[in-house]
Amino acid sequence: MTHVNADRCDLLCIDFDHAESLRTALPAVEQIAVRAERLRALGDPTRLRIAHALHVGEELCVCDLAWIVGASQGLVSHHLRQLRSAGLVDSRRDKKLVMYRLNPVGHALLEAAVGASATGDPV
């Protein structure tokens, strides 16, 4: 009796033309790496809560975000830096405050990843 591995074909059978057209249509490795980093940025529960708050609240300072997500300002600042380095959050200084907002990429990725509607409720 042969052992059948459910994860692999038992026979090497490549539809070369179809497989090659799909392979060449894939984004470049560098583009995939950026996309993976963005997805990882939303993979942390605190960062996901921050992203949801920014999605609904539009523009918020660290103090407000810390209160909203129930975390320290230091922790929220750390996570905001990660979201910003992943290209999902933009910031601007307003006198003594630093204001954060999801950029269009951040909004689109959050909506695609978790089905967030404009109000922040799951779709």
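## Salt bridges, helix faces and a surface patch

At 36% relative accessibility, Glu37 counts as partly exposed; that class sits between buried (under 20% relative accessible area) and exposed (over 50%), with a 1.4 Å probe and protein chains only. This is a predicted model, where local features need pLDDT of at least 70 and side-chain atom pairs count only at pLDDT 80 or more, while totals for chains, interfaces and linings use all residues. Residues are numbered from 1 along each chain as its sequence is written, and side-chain values use heavy atoms, with hydrogens and water left out.

Back to Glu37: its side chain meets that of Arg40 in a salt bridge, at 3.0 Å from N to O. A salt bridge here is a side-chain nitrogen of Lys or Arg within 4 Å of a carboxyl oxygen of Asp or Glu. Both Glu37 and Arg40 belong to helix α2, three residues apart, or about one turn of the helix. Helices (H or I, at least four residues) and strands (E, at least two) are DSSP runs, numbered from the N terminus.

By that rule there are four salt bridges. Among them are these:

| Pair | N to O distance |
|---|---|
| Glu37 and Arg40 | 3.0 Å |
| Arg23 and Glu20 | 2.8 Å |
| Glu59 and Arg92 | 2.9 Å |

Arg23 and Glu20 repeat the spacing within a helix: both are in α1, three residues apart, about one turn. Arg23 counts as exposed because its relative accessibility is 53%, while Glu20, at 23%, counts as partly exposed.

What about a bridge that reaches across the sequence? Glu59 forms a salt bridge with Arg92. Glu59 lies in the loop between α3 and β1 (60-61) and Arg92 in strand β2, so the pair ties together parts that are 33 residues apart in sequence. Glu59 is partly exposed at 26% relative accessibility, and Arg92 is also in the partly exposed class, at 35%. Arg101 comes in too: salt bridges that share partners join Glu59, Arg92 and Arg101 into one network.

Now for the overall layout. The protein chain has six helices and three strands, and from the N terminus on they run α-α-α-β-α-α-β-β-α. Buried residues make up 26% of the 123 residues. Of the contacts (heavy atoms within 4.5 Å) with a separation of 6 or more, 49% come from residues 24 or more positions apart. The chain exposes about 8700 Å², and carbon and sulfur atoms supply 58% of that area; accessible areas come from the Shrake-Rupley method with a 1.4 Å probe, and for residues only the protein chains shown count as cover.

Which residues of α5 are buried? They are Val76, Ser77, His79, Leu80 and Leu83. These cover an arc of only 170° around the axis, which puts them on the same side of α5; the arc is that of the directions from the helix axis to the C-beta atoms. They pack against α2 (29-41), α3 (45-57), α4 (62-69), β2 (89-94) and β3 (97-102). After α5 comes Gly87, whose phi is positive, near 80°.

Helix α6 (residues 104-114) has Gly106, Leu109 and Leu110 buried. Down the axis of α6, its buried residues fall within an arc of 100°, so they line one face of the helix. Pro104 and Ala112 are exposed on the other side of α6. The cover over the buried residues of α6 includes α2, α3 and β3.

His55 sits in helix α3, and its 7% relative accessibility is why it counts as buried. His55 and His107 are 52 residues apart in sequence, yet 6.5 Å apart in space from C-alpha to C-alpha.

Finally, the surface. Leu12, Ile14 and Phe16 form a nonpolar patch with about 400 Å² of accessible area together. Patches take residues with over 30% relative accessible area and no salt bridge, joining like charges within 9 Å and nonpolar side chains (Val, Leu, Ile, Met, Phe, Trp, Tyr) within 5 Å. Leu12 lies in the segment before α1 (16-25), and at 75% relative accessibility Leu12 counts as exposed.
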